[in-house]
Amino acid sequence: MDESERLEILTEASRRRTFAIISHPDAGKTTLTEKFLLYAGAIAEAGAVKARTGRRDTRSDWMAMEQERGISVTSTALQFEYRGAWINLLDTPGHRDFSEDTYRVLTAVDAVVMVLDTAKGIETQTLKLFEVCRSLGLPMLTYLNKFDRPGKAPLELLDEIEDKIGVRPTPMTWPVGIPGEFRGVIDRVTGVFTRFERSVRGRTMATEVPLDASVAAAEEGPAWENAVDECALLEAVGATHDQASFLSGKTSPLFVGSAMNNFGVRALLDAVVDLVPSPSPRRSIDGELRPLDAPLAGFVFKIQANMDPSHRDHVAFVRICSGRFVRGVTLTHAVTGRTFSTKYASSLFGADRSTIEVAYPGDVVGLVNAGELRIGDALYARNPVVFPSFPQFAPEIFRRVRVKDPGRAKQFRRGLEQLEREGVLQVLYELDGDPLPVLAAVGEMQFEVFHYRMEHEFGAVVEFLPTPYRVARVISSDGAALLGRIPGVRVLRRGDDTLLVLFESQVRLQTVERDHPEVDFGMLLGSG
Ligand code: G4P
């Protein structure tokens, strides 16, 4: 690699901001995403993304399920430019249940924005997602949304955030007026007041009127005085932004606004550019950091198949970690050592695909018809690398599965293989060769997705049979030989040859652990 190419890669990487929004359903993630696009000039009017989604739903059966359930199941990577930065916004699936694919998307970002509904504060899903962010060491910005409606007092919310997730919010803006009677915000750094003025249905950018403190004091009266007092209090308790504590996940810069009314969106987007770190070198499995200007490498964090039945396709989403990707470059798949061309690489904007020509660290490339790739796999152009594998989450629901019509056994097998590869759920097999596999997942939703896709994409209607198992641990083959004969304990083999031992309850696991101290039970993430 010559010096100019190296410089180009480092410069481009430093312009990248790759992040995701996490929130409880309905807190406003979709609205905020769209408003980011509006403020970045990627769309001219708000409303476009929803219309896009509507069109997409009618095109695909798979999307029809999203529509029926009113949820977003699939994930999209948006890329747009703002103030000279290239922003990659990865959409975390909005399942009601937590699932592994959310975790995987979060492995591909450098920071998150946590959106809270001012009336509701930290909700169950926010809490679960936050735990994942913490385990990944991701810095977090916080956005208090829906401040145009009655809600909790902001100081109360700061306490709630700190109590529930152990991260100290450091407000960058502070509201003037209570939720529902929102007048605007004070910028805590400059002291300037920005008055909140609605635009028609929030379609276009909100007018932002900066006013000096003296004018604000005269015009806003007690609401202003109260806000100034609260800012003094924040100052006194040290709730002030510090970049190092933000990067280490101890504090979270906080913004107040209303995504629907476009308020506070610009300040938040500015913070994405100014505060979110650009991509940094990623650690490989041997513990070494692969510099950003090392030869091209990336890893697969998401696989999506059959998004559109008219194209029977299979897209592997790769986060670029080092080097420069140029469409057509030949990549090596670290697991198999096989090479393949990347002639069909795409970036996704909503449901529309466009061909991607070049990408840098932090970017996401969708490789079309890369059927052999699995989640977590590394790809490289030169200088082999393997990245640490993703932790598997401890499944909590275990069900046997069979195809209703034995004449569809071939379709069933094909679907099982595909959905396992995509990581929809884990597939476990009996060691004695019982042909009925056991499906294991963290949430109920994964079974529903499996059932739906088996029927609609592979033409195999399946039924689930209950099993008594509730808890799983990873085990060695020696341990498996010892425990396999104990009643109420079952050892199964996963597709990747890992042995899992299943128990009917946590109590059963504890007794077996006590009776067999010689056996090492490997934990899975989230197993408690
Ligand atoms: P999600 O992706 O996190 O699930 O949330 P989404 O953006 O879809 O927002 C959920 C609902 O909250 C939507 O209302 C949306 O309009 C509303 N909302 C988002 N931001 C604000 C805000 O700042 N203030 C207020 N008052 N409401 C907000 P909906 O009725 O479900 O949908 P729609 O009829 O508006 O399309």
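# Reading a predicted chain with a ligand

Modeller: Among contacts in the protein chain between residues at least 6 apart in sequence, 71% join residues at least 24 apart. Two residues are in contact if their C-beta atoms, placed from the backbone, lie within 7 Å. This is a predicted model: local features need pLDDT of at least 70, side-chain atom pairs count only at pLDDT 80 or more, and totals for chains, interfaces and linings use all residues. Residues are numbered from 1 along each chain as its sequence is written.

Biologist: How many helices and strands are in the protein chain?

Modeller: Helices (H or I, at least four residues) and strands (E, at least two) are DSSP runs, numbered from the N terminus. The protein chain has 15 helices and 30 strands.

Biologist: What share of the residues in the protein chain is buried?

Modeller: Count C-beta atoms, placed from the backbone: a residue is buried if 20 or more others lie within 10 Å of its own, exposed if 12 or fewer, and partly exposed in between. Of the 528 residues in the protein chain, 44% are buried.

Biologist: Is Phe19 buried or exposed?

Modeller: Phe19 is buried, because 23 other C-beta atoms lie within 10 Å. Phe19 sits in strand 1 (residues 16-23). Leave aside its neighbours within four places in sequence, and Phe19 touches Leu89, Val109, Asp110, Ala111, Val112, Val113, Val272 and Val276. Ala441 is another matter: 422 residues separate it from Phe19 in sequence, and 26 Å in space, C-alpha to C-alpha.

Biologist: And where is Gln304?

Modeller: Gln304 belongs to strand 14 (residues 297-305). With 19 other C-beta atoms within 10 Å, Gln304 is partly exposed. Phe130 is 174 residues from Gln304 along the chain, and their C-alpha atoms are separated by 24 Å.

Biologist: Which residues come nearest to the ligand?

Modeller: A residue is near a molecule or strand if its C-beta atom, placed from the backbone, lies within 6 Å of it. There are 17 residues around the ligand, and Lys29, Thr30, Thr31, Ser258 and Met260 come nearest. Helix 2 (residues 29-39) gives the largest share of the shell, three residues.

Biologist: How many residues of each class are in that shell?

Modeller: Ala, Val, Leu, Ile, Met, Phe, Trp, Tyr, Cys and Pro count as nonpolar, Asp, Glu, Lys and Arg as charged, and the others, Gly among them, as polar. The shell around the ligand has four nonpolar, eight polar and five charged residues.

Biologist: At what angle do helix 12 and helix 13 cross?

Modeller: Axes are lines fitted to C-alpha atoms, for helices over the stretch in contact, and angles run from 0 to 180 degrees between N-to-C directions. Helix 12 (residues 409-421) and helix 13 (residues 444-458) have axes that come within 10 Å and cross at roughly 125°. Helix 12 is therefore oblique to helix 13. Under 35 degrees counts as roughly parallel, over 145 as roughly antiparallel, 65 to 115 as roughly perpendicular and the rest as oblique.

Biologist: Which residues make the contact?

Modeller: Helix 12 supplies Gln411, Arg414, Gly415 and Leu419, and helix 13 supplies Phe450, Arg453, Met454, Glu457 and Phe458. By class, that contact has four nonpolar, two polar and three charged residues.

Biologist: What is the phi of Lys146?

Modeller: Most residues other than glycine have a negative phi. Phi of Lys146 is near 65°, a positive value. Lys146 is in the loop between strand 5 (140-145) and helix 7 (154-165). Lys146 counts as buried, with 25 C-beta neighbours inside 10 Å.

Biologist: Where does Asn262 lie?

Modeller: Asn262 lies in the loop between strand 11 (251-256) and helix 11 (265-275). Phi of Asn262 is near 65°, again positive. Asn262 is buried, because 25 other C-beta atoms lie within 10 Å.
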